[in-house]
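Here are my comments on the model you sent.

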Amino acid sequence: MLAREKGYSNKYIISDVMVGVVIALVSIPISMGYALVAGLPVKYGLYGSILPILLFAFISGSPRFIFGVDAAPAALVGGMLASLGITAESEEAVSLVPVITLITGLWLLFFFLIRASRILKFISQPVVGGFITGIGVTIICMQIPKLFGGTSGRGEIIELFKHIYDEARDGVSVISLVLGISTVVIILLFKRFAPMIPMSGICVFIGALLEYIFKLSDKGVKLLPVVKKGFPEIKAPDLTLLSGRFTEIVVPSLTIAMVILAETLLATSNLARKHDERLRPRRENLAYAICNLAASFIGCCPVNGSVSRSGIADQYKVRSQIMSVTAGLVMLLIVLFGTGFISYLPVPILTGIVISALIGTFEFGLAHKLRKIDKTEFLIFYAAFFTVLIFGTIYGVFVGIILSAVTFISRASNPTTAFLGVVPDIEGFHSLSRMKNSRPIKGVIIYRFTGALFYANIDRFQQDIEDAVKDDTRIIIIDAGTLGSIDLTAAERIMSIYKKYEARNIAFYIAGHVDTINDMLRTYGAEELIKTGHVKPRIIQVLTENGITPPYEFEEDYAPAPGKASRRLAEFEWAYGSDADKIMQGLASEIAARITEDPDFDIESDDFDIKKYIRQAEDTYGGHWNIVDEEELLELLEIQLAIMVEEGKTISSKTEILTSSAIDRIDSRLLELKQNLEIKIMEKNKPSIERILRRRLEREAAMKKAHPKAYNRIVEERTKALTKLKQNNPELAKEIETIRNSL
């Protein structure tokens, strides 16, 4: 059964067939070029694009990946022949390469039997991205000389740069260079602005047409060589050639097999993740083994997953391996009947097709994202990238595995932890460092530990607790809701900690964990915690049983980080952490822009509903709001609109200046909404009013310097608001005025 994407229907068959034709045409120059790199005549590259790709189509579980003659194995085979002193394209090379392919296939079969593909799960996405990008850049550097009339290179980046320089020094065909670069530019432009047009296939026909009409070959443009028609001869590799060379062939073949397994699995899994598809690495491993064994019987070099051709197929939204079957059959027809067409194909145009496809496989976007969110993984990406470039694919595999393992161990040894407190009027326990309004309960330490607790991080666990204990500490609670497992070392240390603090009359509890943690505690000798009631299902239960109930008494000497004492975002801050202030400010700007840029905006209308603009923006951020959050948003919006008046912002629908009178109508709506919220906040959580007012004073001071006109307007509006509040709710107005005067 051919692999296909979920929800596949017959209407996609024609599209997949057309993509297969494009892949076959693109495979002609790629496979022939890499056959030469491997030391074989070009026809064996075509042969390697028939049987292996057909077998892969029926075995692989990937609906869109391409298999065939490719760069890395071809380059390694070429290097083996050179080290053995065998002339490329000689009869000896033609006889020995299939033996190398056979041994490589047997190594891959051995990997399948020992389930070596399982190592893939330990390789992180940054490693995969750096690895694939490194391979892409390497292959492009191999191909660059062919853009200006030279020959492809081999080796690593330094050798490739030297080869590019040497080829350019020997002469550059300007026509070839223009054809090659134009092909790259045209395909990339069409990929961006008209991605459904199969420009790669069209460029192949355009190249042949240009040669037919203008005789480009007479002007120094290289064409693909003439290939005789005929089906490849199927015969068993000559294993007698191993005599006297067993080690020189078997050991390097292991390296080739490792490269094929790692490179193809990583590239295939990367594509599968992109399309949310399930991949079975062991099944793919078997496909690689069978395809290479088959390739050895038609005289081909080892075959591999093609990053470049898979990129082209994905660009054209292929959905099934009908593509590979079509590509294999088209290549068969070309070998049997159409090899004359091949000799009309300009090498620089076909090279441009390959380079444009490889550019599409780059993961520099991932690196840019990692630079912002995780510097360690950003460095890992480029470590894998430069290792492939400088030392080669096989070293890239090893370094990638090592980096992934180091990252895994490092993160397991340094898990995410937090001390928790209580946010007034907000249910639950919240991080003291993330939620700026969270307060620690007096005499209580609540410590959250995330992940597995084991020998490598138990010292961190113990040290964090010891650093937090004070003279007045009565209870230590481990929030184990995110604790995945414990080992023997951790269990023994937990008992040691428990007894240590028991001797100091400090109660030690583990709470909120899944029941399997209790099984581990009993298994590893910490059953005493369970028998004495020092493990509980919930944190609140521990507090209640120790006589600690709401309203909680907070630590008197606790102060939030400087400059953050007035922060009061609750759920919004929980969702967005340290970015909450910036996002809230941006949200206010977004609402102001929506109001002034709405073509239906009409300030004079009695039906004008400012609330709808707020709801639209709030929906963007997942509805993480409470009344305190909404009050802050309204205040920021008021400030933003005042600044827009100061700057002379126009209303786009009417090209009118946003006048003070227009803003007055908006402000009256904002004032009404804000006062309703303030009444609710005063009823539910009086301390929040003080923090709201403190924050207002901070903002007003900042505005006075940066936006004096807007500041004067805001002060004027605040005075009006207080006057109106005195009329409507004199008690609330008096309390607010008293609190404000005390600040």
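**Notes on the predicted model**

1. Start with the nonpolar cores. This is a predicted model. Its largest nonpolar core has 121 residues. Ile-28 and Tyr-288 have the most contacts inside that core. Helix α1 (residues 13–37) gives the most to this core, with 12 residues.

2. Next, Ile-28 itself. What does Ile-28 touch, not counting residues up to four places away in sequence? Its partners are Leu-46, Leu-224, Met-331, Ile-334, Ile-342 and Leu-345.

3. Look at Thr-101, found in helix α5 (residues 91–113). Thr-101 counts as buried because its relative accessibility is 0%, and the cut-off for buried is under 20%. The side chain of Thr-101 reaches the backbone oxygen of Cys-300 at 2.7 Å. Leaving aside neighbours within four places in sequence, Thr-101 is also in contact with residues including Asn-292, Ala-295 and Ser-296. Cys-301 and Pro-302 are among its contacts too.

4. Ala-287 lies in helix α11 (residues 281–296). Is Ala-287 buried or exposed? Ala-287 counts as buried, because its relative accessibility is 0%. Ala-287 touches Phe-56, Ile-59 and Ser-60, with residues up to four places away in sequence not counted. Gly-61 is 226 residues from Ala-287 in sequence, yet the two are 9.2 Å apart in space, C-alpha to C-alpha.

5. Now a helix pair. Helix α16 (residues 364–373) and helix α17 (residues 375–391) pack at an angle of about 150°. Their axes are 6 Å apart. From α16, the contact uses Phe-364, Leu-366, Ala-367, Leu-370, Arg-371 and Ile-373. From α17 come Lys-375, Glu-377, Phe-378, Phe-381, Tyr-382 and Phe-385. By class, this contact has nine nonpolar, three charged and no polar residues.

6. Last, confidence. The protein chain averages a pLDDT of 83, and 87% of the residues score at least 70. Among the elements, strand β7 (residues 475–479) has the highest mean pLDDT, 96. Strand β12 (residues 656–657) has the lowest, 51.

7. Which residues call for caution? Over residues 559–569, pLDDT stays under 50. The model has 29 contacts beyond four places in sequence for residues 559–569. Where pLDDT is low, predicted coordinates should not be read in detail.

Conventions. Residues are numbered from 1 along each chain as its sequence is written. This is a predicted model: local features need pLDDT of at least 70, side-chain atom pairs count only at pLDDT 80 or more; totals for chains, interfaces and linings use all residues. Side-chain values use heavy atoms; hydrogens and water are left out. Axes are lines fitted to C-alpha atoms, for helices over the stretch in contact, and angles run from 0 to 180 degrees between N-to-C directions. Helices (H or I, at least four residues) and strands (E, at least two) are DSSP runs, numbered from the N terminus. Contact means heavy atoms within 4.5 Å. Ala, Val, Leu, Ile, Met, Phe, Trp, Tyr, Cys and Pro count as nonpolar, Asp, Glu, Lys and Arg as charged, and the others, Gly among them, as polar. A nonpolar core is a set of buried Ala, Val, Leu, Ile, Met, Phe, Trp, Tyr and Cys residues joined through side-chain atoms within 4.5 Å. Buried means under 20% relative accessible area, exposed over 50%, partly exposed in between (1.4 Å probe, protein chains only). pLDDT is the predictor's confidence in each residue, from 0 to 100. A polar contact is a pair of N or O atoms within 3.5 Å; within protein, one must be able to donate a hydrogen and the other to accept it, and residues adjacent in sequence count only if both atoms are side-chain atoms.
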